[in-house]
Structures are given as structure tokens and as C-alpha cells.
Amino acid sequence: ENAIIDYKHAIELGSQNWVTYSNLSIVYYWNKKQIEACEIFKKAIKLGLPADVITNDKHLIVLQEACK
């Protein structure tokens, strides 16, 4: 829960960094919040999350499959 609060705070402060969003999406997913995880994951992609980063990160691979 602390990680969610920290990442959300960074976003509230204006972070438009795909890393922040992708990390938050992973935390949501592992906290059984799949709807939120997918929404944030899609935002990370829109912000430029590279496909090669997804394919080299086991957490993002799982998340990508879950959000199809």
C-alpha cells in the first residue's frame, strides 16, 4: 500500500514518466487491483513505455497478458 501512495503522489505532482506509471501498474496488479493496474499500464504505454522493456520484464509481461 505504501508504494501505491508514493507512486500516486508522484503522479499528482505532475510525473508524466512511463516508469512511474508502469511501476504503479505492477504494484496494483500484485495487490489484486487488476482494473486499476490495466488502466495505469495503458497510460504507461501512451507515455512511451517501450515494447522491449515490456518483453524483458517478467512483471510487465504478466501484466500485458492480463490486460488484453
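Me: At what angle do helix H2 and H3 pack?
Reply: In this predicted model, local features need pLDDT of at least 70, side-chain atom pairs count only at pLDDT 80 or more, and totals for chains, interfaces and linings use all residues. Residues are numbered from 1 along each chain as its sequence is written, and side-chain values use heavy atoms, with hydrogens and water left out. Helices are DSSP runs (H or I, at least four residues), numbered from the N terminus. The axes of H2 (residues 18-30) and H3, lines fitted to C-alpha atoms over the stretch in contact, with angles from 0 to 180 degrees between N-to-C directions, lie 8 Å apart and form an angle of about 165°.

Me: Are H2 and H3 roughly parallel or roughly antiparallel?
Reply: Angles under 35 degrees count as roughly parallel and those over 145 as roughly antiparallel. The angle between H2 and H3 is about 165°. The two helices are therefore roughly antiparallel.

Me: Which residues does Gln34 touch, not counting residues up to four places away in sequence?
Reply: Gln34 belongs to helix H3 (residues 34-46). Contact means heavy atoms within 4.5 Å. With residues up to four places away in sequence not counted, Gln34 touches Tyr29 and Ala66.

Me: Are the rings of Tyr29 and Trp30 stacked or edge-to-face?
Reply: The whole structure holds 1 aromatic pair. Rings of Phe, Tyr and Trp (its six-membered ring) pair if their centres lie within 6.5 Å, and planes under 30 degrees apart count as stacked, over 60 as edge-to-face and the rest as tilted. The centres of the Tyr29 and Trp30 rings are 5.1 Å apart and their planes stand at 80°, so the pair is edge-to-face.

Terms used
Angles under 35 degrees count as roughly parallel, over 145 as roughly antiparallel, 65 to 115 as roughly perpendicular and the rest as oblique.
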